[in-house]
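Here are my notes for you, written up as numbered points. Keep the model open while you read, and look up each part as it comes.

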Amino acid sequence: MRFGAAVLRSYESRFAIEEVVLHAGPADGEILVRIAGCGMCRTDLAVRRSAGRSPLPAVLGHEGAGVVVETGGPDTGLSAGDHVVLSFDSCGHCRNCMGAAPAYCDSFASLNLFGGRAEHAARFTDAAGGALAPRWFGQSSFAEYAMVPARNAVRVDPSLPIALLGPLGCGFLTGAGAVLNSFGVGPGDSIAVFGAGAVGLAAVMAATAAGAVTVAVDRHPERLALAERFGATPLRAAPAGLSDRIRRLTEGGTRYALDTTGSAQLINEALRSLRPTGHLGLVARLHTALPLEPGTLDRGRKISHICEGDAVPGLLIPRLIRLWQAGRFPFDQLIRVYPLADVNEAERDCEAGRVVKPVLVPEGKGR
């Protein structure tokens, strides 16, 4: 089977739309999905800065959604024609997977970040027969088709706009899941969200839907305007007095804070903005040591890392869709659609902050 895909061949090069080849159909437990749309996440773009840990050439993309074309065996729970949203990969049998915590799968890094599943890797090549890295996040969905473990897929109502739903599988799931799952935010709670990108704005929408008092911090006025539209009090990230302003707005500090930036300065401000026993969650990957300033962890405050919003995708994705249908999680307002052929323009716009969530839509049908 031959079809088009966006291939990244080196850490410095542009994406190239190439013909790729799938040499065999789905194995047991897999599905072949015709991609209707795939969100572009900053984790995809971070491959360029991965210091060689992510093998190339590769087809990236891990916020795919589409229609099942073929299934491998009777145990996938899915059928041809089903509409599915694709999420992260997990082994399904380690202690954390069995404990309904697949985001903390013992094999998460090897399955999702550093090459993907090794089984049947040779069946996916470029047109000349050259190897491509095994499935990124179990998907490699910057393409017309993706071969995916059925475990990654969540069936959704076929009447929904499937091309727009892919970001629910990672970016929006991470922000909303941090609020709804990790923190369990409810009516009357308070939360400060640091960084109003795709993850942060999803957190804002979820917090508003949960009835929380929400503050959003960012340095871009247009992102703060979006946060305000979704129910948050906007605060410009300034070098001094930020935590004081948050404490004044929230009558002594927030119960929760979520940092999506990875900035040591903002993480310390987030800790200072918490009330006693408050909880700060980090979702960004830290690339340097994190210096905590004296007093930031006093009085029962705590800090933890949150992966994929502590989500079981099969539970959280339908919940977010129901909130969206009720007008309480308007994630579609963050999306701009690009043809897959314009993947490099989408990357430039994403890096420049001109778009919150690009979604790439394949135009061909493969053969």
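What follows is a walk through the sheets, a helix pair and a few single residues.

1. **Ground rules.** This is a predicted model, where local features need pLDDT of at least 70, side-chain atom pairs count only at pLDDT 80 or more, and totals for chains, interfaces and linings use all residues. Residues are numbered from 1 along each chain as its sequence is written, and side-chain values use heavy atoms, with hydrogens and water left out.

2. Let's begin with four strands that make an open sheet in the order 4-1-2-7, with antiparallel pairing. (Strands are DSSP runs of E with at least two residues, helices are runs of H or I with at least four, and both are numbered from the N terminus; two strands pair if DSSP finds at least two bridges between them.) The edges belong to strand 4 (58–59) and strand 7 (124–126), each with a single partner strand, so one side of each has no neighbour in the sheet. Strand 1 (residues 2–8) is joined to strand 2 (residues 16–22) by six bridges.

3. Now find the open sheet of six strands, in the order 12-11-10-13-14-15, where the pairing is parallel. Here strand 12 and strand 15 (302–305) are at the edges; each has a single partner strand, so one side of each is left without a neighbour in the sheet. On average, neighbouring strands of this sheet are turned by 20° against each other, direction ignored. (Axes are lines fitted to C-alpha atoms, for helices over the stretch in contact, and angles between N-to-C directions run from 0 to 180 degrees.) Strand 10 and strand 11 share five bridges in the parallel sense, and Ser 190 has Val 213 in strand 11 as its bridge partner.

4. **Helix 8 on that sheet.** Which strands does helix 8 lie across? They are strand 10, strand 13, strand 14 (274–282) and strand 15, and the helix runs at about 145° to strand 14.

5. **Helix 7 against helix 8.** Helix 7 (residues 242–249) packs on helix 8 (residues 264–272) at an angle of about 35°, with 8 Å between their axes. The residues that meet are Leu 242, Ser 243 and Arg 247 from helix 7 and Leu 266, Glu 269 and Arg 272 from helix 8. (Contact means heavy atoms within 4.5 Å.) By type, the residues of this contact are two nonpolar, one polar and three charged.

6. **The buried face of helix 7.** Leu 242, Ser 243 and Ile 246 are buried in helix 7. (Buried means under 20% relative accessible area, exposed over 50%, and partly exposed in between, using a 1.4 Å probe and protein chains only.) Why do the buried residues of helix 7 line one face? Seen down the axis, they fall within an arc of 95°, so they line one face of the helix. Their cover includes strand 11 (213–218), strand 13 (254–259) and helix 8.

7. **An enclosed strand.** Strand 8 (residues 145–149) has five of its five residues buried, so the rest of the structure largely encloses it. Tyr 145, Met 147 and Pro 149 are buried on one side, and Ala 146 and Val 148 on the other. Strand 3 (residues 30–39) runs antiparallel to strand 8, and five bridges join them. Across that pairing, Val 33 stands opposite Ala 146.

8. **A buried Asp.** Asp 89 is in the loop between strand 6 (83–86) and helix 2 (95–98). Is Asp 89 buried or exposed? It's buried, with a relative accessible area of 0%. Beyond its neighbours within four places in sequence, Asp 89 has contacts that include Arg 117, Phe 137 and Pro 149.

9. Leu 320, in helix 9 (residues 313–325), is buried, with a relative accessible area of 0%. Not counting residues up to four places away in sequence, Leu 320 touches Leu 168, Phe 172, Leu 173, Ala 176, Leu 180 and Phe 329. Leu 164 is in the loop between strand 9 (153–156) and helix 4 (171–182), and is partly exposed at 22% relative accessible area. Leaving aside neighbours within four places in sequence, Leu 164 is in contact with Phe 331, Ile 335 and Val 337.

Terms used: Nonpolar A, V, L, I, M, F, W, Y, C, P; charged D, E, K, R; others polar. Arc of directions from axis to C-beta.
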